[in-house]
Amino acid sequence: MRNAIILRDVSYIDVVSGKEVNNTNLIIENGVIQKICKEPFEFGNKSYETIDCSGKIAVPGLFECHAHLCSLHNVAMKEDVLKDFVKKGITQVRDVGGPFKIMKEMKDSITKGKIVGPEIFYSGPILQGGKLSWQVINESFPGFTVSINSREDVNSILNDLYNNGASLVKTFSTFDKDVLKYLNLQAKKRHLKIAHDVGGLIFNSIPVELGLDLGIDCFEHGKAAYSSVLKDNLKKEHDSLMIKRTPKQGQKLFKKLLSLGEASISKEKLKNLSEKMIRNNAYLCPTLMWNESNKNSENEEKKKMITELTAITHYLTKKMIAHGVKMLVGVDSRTATTLKEMTLLHNLGLSNLEILRGATIYPAEWLQISDKYGSIDVNKKASLLVLNRSPLDNINNIEDTAFVLKEGEIIV
Ligand SMILES: [Zn+2]
């Protein structure tokens, strides 16, 4: 690792204040920003590699906030894909579901410098109460999902998470309320937070509203809030089916709601829920790219369903953005397509600064690592994306890369 670099005459975006700091020098040693200074720098007896950055603008290394990198395991182009993240300035990934063994191995080979890739903060397995939804994936990826049904299960999985280097907990769909509450409390004692996916579109055992009451502060997918914000008459129908439903009746309501689209949503409930999220300092990771990747299905019925689902997802996300809920930028895949997610969020009204925050300081704060990550500041990791033009002017400029530094090492 190069141990001493000066980025001379660089401008950078302070994502915390939202301001641009112009024409300064970043002094980097051992992968950390040691000093930020305007005045001529006293070199002492150290030899620095100086990079002239006049006219360039730096932003903190980006986070991809919803990845599943485990499926790259045993894939021939794994190394290229992982390198592609860093080349695009994505120097950290929040991985929300993958077996410990694979994730730990991947992280270790990146940390030890065997392969080039982003720093991975992973959840390990997806936790779910009762019957596992993706049991079949466990055949190719043992330990992808784990069933959690009691306090004993919670204690045991938290030991596994701790011993295998997990940085967060991922929960999905069905859960016993008390078990999830216990999981959240015990996880917090170990400085782990839960990212919750409510599961299917309508029958959620832990909808966002309840998740917030249990102390959860991060929800995956833009559709998450849907079952909490149905108009009264539909909510009544939904709740009675939730208690005593047959698959046929459930399917019928599902189709009805999809075809109603935004007309099924109570604007007032959505506003109240958004305000509750803000009060609880909770984040939404909309993963709009998931819809984009799935919309071109060969199956006409599926195509229609995804189109309607996308309309609901976009409406909910757009309103939450307008109400001021904090967004995280994540694509729900294993590829470095984070910029496309940024463009989609921009189209739904998220400002360029908030998009940047959602890929830098917000994930760092949520992961409780903002002492070292998420913004350009003294004592933070020197993982930076240096651009030719400012992404505050146009978010697409995030691709106009001059070079990338990962922990003080020049990648591109
Ligand atoms: Zn996912």
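Start in the core. The largest nonpolar core holds 115 residues, and Ala 58 and Leu 345 touch the most other members. Helix α11, residues 300-323, gives the most to this core, with 7 residues. Both domains take part: at least three residues come from each of domain 1 (4-58 + 376-410) and domain 2 (62-366). In soluble globular proteins, nonpolar side chains tend to be buried together. Keep in mind throughout that this is a predicted model.

Now step back to the whole chain. The chain has 14 helices and 18 strands. Its C-alpha trace spans about 75 × 40 × 40 Å along the principal axes. The radius of gyration is 22 Å, and this agrees with the value near 22 Å for a compact globule because the chain has 412 residues. Buried residues make up 45% of those 412 residues. Among contacts between residues at least 6 apart, 72% join residues at least 24 apart.

Next, the domains. Domain 1 is built from two segments, 4-58 and 376-410, while domain 2 covers 62-366. Their C-alpha centres lie 32 Å apart. The contact between them takes 15 residues from domain 1 and 16 residues from domain 2. On the domain 1 side, strand β17 (residues 401-406) gives the largest share, 3 residues. That side divides into 9 nonpolar, 4 polar and 2 charged residues.

Strand β1 (residues 4-14) pairs with strand β2 (residues 19-29) in the antiparallel sense, over 8 bridges. Ile 13 has Glu 20 in β2 as its bridge partner. The hairpin of β1 and β2 has 4 residues between the strands, and Gly 18 there takes a positive phi near 85 degrees.

Which residues does Ala 58 touch, not counting residues up to four places away in sequence? They are Leu 7, Val 10, Tyr 12, Ile 376, Leu 384, Leu 385 and Val 386.

Helix α12 (residues 338-347) has Thr 338, Leu 339, Glu 341, Met 342, Leu 344 and Leu 345 as its buried residues. What do these buried residues pack against? Their partners are β6 (62-67), β7 (90-95), α10 (288-294), β15 (326-327) and α13 (352-358). After α12 comes Gly 349, with a positive phi near 100 degrees.

One of the strands packed against α12 is β7. Look there for Val 93. Is Val 93 buried or exposed? Val 93 counts as buried because it has 30 C-beta neighbours inside 10 Å, and the cut-off for a buried residue is 20 or more. Leaving aside neighbours within four places in sequence, Val 93 is in contact with Phe 63, Glu 64, Ala 67, Leu 69, Phe 85, Pro 118 and Ile 120. Val 93 and Phe 121 are 28 residues apart in sequence, yet 6.1 Å apart in space, C-alpha to C-alpha.

Finish in the loops, with two asparagines. Asn 30 lies in the loop between β2 and β3 (32-37). Its phi is positive, about 50 degrees, although Asn 30 is not a glycine. Asn 30 is exposed, because 12 other C-beta atoms lie within 10 Å, and 12 or fewer counts as exposed. Asn 379 sits in the loop between α14 (361-366) and β16 (384-387). Asn 379 is also a residue other than glycine with a positive phi, near 75 degrees. With 10 other C-beta atoms within 10 Å, Asn 379 is exposed.

Key. Residues are numbered from 1 along each chain as its sequence is written. This is a predicted model: local features need pLDDT of at least 70, side-chain atom pairs count only at pLDDT 80 or more; totals for chains, interfaces and linings use all residues. Domain bounds come from an automatic or database domain assignment. Two residues are in contact if their C-beta atoms, placed from the backbone, lie within 7 Å. Ala, Val, Leu, Ile, Met, Phe, Trp, Tyr, Cys and Pro count as nonpolar, Asp, Glu, Lys and Arg as charged, and the others, Gly among them, as polar. A nonpolar core is a set of buried Ala, Val, Leu, Ile, Met, Phe, Trp, Tyr and Cys residues joined through C-beta atoms within 7 Å. Two strands pair if DSSP finds at least two bridges between them. The radius of gyration is taken over C-alpha atoms; the globule rule is 2.2 Å times the number of residues to the power 0.38.
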